[in-house]
Amino acid sequence: PLAAERRLALPRDAIAIAAGRAQDLIPDSDPALEGELLLVAHRGGHVSSFIDPGPGSELLLQDVLALGPPGRPLLEPTGIVFDPTTHLAYVSIYARDLSALSDKKVLGRVGLVSSGSLDFPSTLFDAGVLSLEAVSLGRDTRDIVLNPLNPGEAFVVSRAPNGVLWVDLAGTQNGESEPTQAIVKHNTSVGRGPSRVITGTLGDRTVAIVSCFESRQIFILDAATSEVLSVVHNFSGPFELGLDSA
């Protein structure tokens, strides 16, 4: 009902989700936020936010944000992750309409701020796109996760080229505190149609594991060196995946 009063409606086609403690995602909120914040990316070009106050409480829709110019959703989200280093959410995207974008491969960026309201503690804002340097111009990225070994660095699944991009989100390569460009430090080639990436631990290694839908393969990469450790063949259309380290 509170969302209805603000004329908020949950967009269709949820495609990815990111979650974290509210006080970590908005550390200086007033009043102080409790519970968890959730960000949901929607295929039509929107991001919605929820707050989960805790046991016994309902999940509350906080805000809905359209990516790109008003009335012209240009970016089709494919994945979302929140980076505690930069306090921004990053969205991997497939750009259907390129007329208003730069000629670079880009990530969407979304921020959270405190609204000062007890009913709706947080609101979303569009922090603009982050263009990826030193990589081909094909504007098709399918997933994004953080590198657990290196704060401020993300693994981005790319099509055209088919690979995993090691992206410096924090701008440590060019000295900018709020960069509009991000350096791609490595590009590790994988099979055709890469779709999802996860990270985890296998033995004493931290790994990134990538599903390749069209080539029917799973690639296992060393998160520290970007080396391809192994390729598992002959799956039928692998897409989403999970790792049981035990």
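**View 1. Leu37 and the residues around it.** Leave out residues up to four places away in sequence, and Leu37 touches Ala18, Ala19, Gly20, Ala22, Leu25, Ile26, Phe50, Ile51, Leu112 and Ser122. Touching here means a contact, that is, heavy atoms within 4.5 Å. This is a predicted model, so local features need pLDDT of at least 70 and side-chain atom pairs count only at pLDDT 80 or more, while totals for chains, interfaces and linings use all residues. Residues are numbered from 1 along each chain as its sequence is written, and side-chain values use heavy atoms, with hydrogens and water left out.

**View 2. The largest nonpolar core.** Leu37 turns up again here: along with Leu39, Val47, Ile80, Val110 and Leu112, Leu37 touches the most other members of this 24-residue core. A nonpolar core is a set of buried Ala, Val, Leu, Ile, Met, Phe, Trp, Tyr and Cys residues joined through side-chain atoms within 4.5 Å. Buried means under 20% relative accessible area, exposed means over 50%, and partly exposed is in between (1.4 Å probe, protein chains only). Which elements give two or more residues to this core? They are strand 1, helix 2 (22–25), strand 2 (36–42), strand 3, strand 5 (75–83), strand 6 (88–95) and strand 7 (105–114). Strand 6 provides the largest share, four residues. There's also a second, separate core of 15 residues, and Tyr90, Leu130, Leu132 and Val184 are among them. In soluble globular proteins, nonpolar side chains tend to be buried together.

View 3. Zoom in on strand 3 (residues 46–52) and strand 4: they run antiparallel and six bridges join them. Ser49 stands opposite Asp63 in strand 4. Two strands count as paired if DSSP finds at least two bridges between them. Helices (H or I, at least four residues) and strands (E, at least two) are DSSP runs, numbered from the N terminus.

**View 4. Arg43 meets Glu76.** These two form a salt bridge, and their closest N and O atoms are 3.7 Å apart. A salt bridge is a side-chain nitrogen of Lys or Arg within 4 Å of a carboxyl oxygen of Asp or Glu. Arg43 lies in the loop between strand 2 and strand 3 and Glu76 in strand 5, so the pair ties together parts 33 residues apart in sequence. Arg43 is partly exposed at 39% relative accessible area, whereas Glu76 is buried at 10%.

**View 5. Two other salt bridges.** The structure holds five salt bridges. In one of them, Asp140 pairs with Arg142, with the closest N and O atoms 2.6 Å apart. Is Asp140 buried or exposed? Asp140 is buried, at 12% relative accessible area, while Arg142 is partly exposed at 24%. Arg196 and Glu240 also meet in a salt bridge (3.4 Å, N to O). Arg196 sits in strand 14 (residues 194–202) and Glu240 in the segment after strand 17 (228–232), so this pair links distant parts of the chain, 44 residues apart. Arg196 is buried at 6% relative accessibility, but Glu240 is exposed at 52%.
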